[in-house]
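Here is a walk through one protein model. Keep the structure open as you read.

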Amino acid sequence: MLSANITKAVRKAAYRRDGFRCALCDSTDGLQIHHAVPRGKGGSSYVHNLITLCWRCHAMAHGTNVYDNPDFDAADIEQAAVEYLADYYADLGFVWNPWAQTMDTIAEGGG
């Protein structure tokens, strides 16, 4: 297994931002941190690219259909994660950019 190299402080910030619950299903069971944009595709390990998922949603994000639902797959989880983060930061006046090291506010010309 690859090490995500996410600091304890960044993990805590993601958990806190997401209310110590799965951002997608609200479960508090087996919480894990997931990269919305995978590191292999250039996604950062900064909090704005991380999302808190329960072990079930995290497994689904990586292609294991633990819900045994043919209408629900990894692409659905990935899309939901991107939408969650984009909406969260838009509500705060930021343009969500998972490749950036910092976030620019809309007022500062970020979008």
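Tyr84, Tyr88 and Tyr89 form one aromatic cluster. The model is predicted: local features need pLDDT of at least 70, side-chain atom pairs count only at pLDDT 80 or more, and totals for chains, interfaces and linings use all residues. Residues are numbered from 1 along each chain as its sequence is written, and side-chain values use heavy atoms, with hydrogens and water left out.

Rings of Phe, Tyr and Trp (its six-membered ring) pair if their centres lie within 6.5 Å; planes under 30 degrees apart count as stacked, over 60 as edge-to-face and the rest as tilted. That rule gives two aromatic pairs. Tyrosine 84 and tyrosine 88 have ring centres 6.4 Å apart and planes at 20°, so this pair is stacked. Both lie in helix H3, four residues apart, about one turn of the helix. Helices are DSSP runs (H or I, at least four residues), as are strands (E, at least two), numbered from the N terminus. Tyrosine 88 and tyrosine 89 pair edge-to-face, at 4.9 Å between centres and 85° between planes.

Tyrosine 89 has 8% relative accessibility, so it counts as buried. Tyrosine 84, at 22%, is partly exposed.

Now turn to helix H1 (residues 8-17), whose buried residues are Ala14, Tyr15 and Arg17. They fall within an arc of 165° seen down the axis of H1, so they line one face of the helix; the arc is that of the directions from the helix axis to the C-beta atoms. On the other side of H1, Lys8, Ala9 and Arg16 are exposed.

Conventions: Buried < 20%, exposed > 50% of the residue type's maximum accessible area, 1.4 Å probe, protein only.
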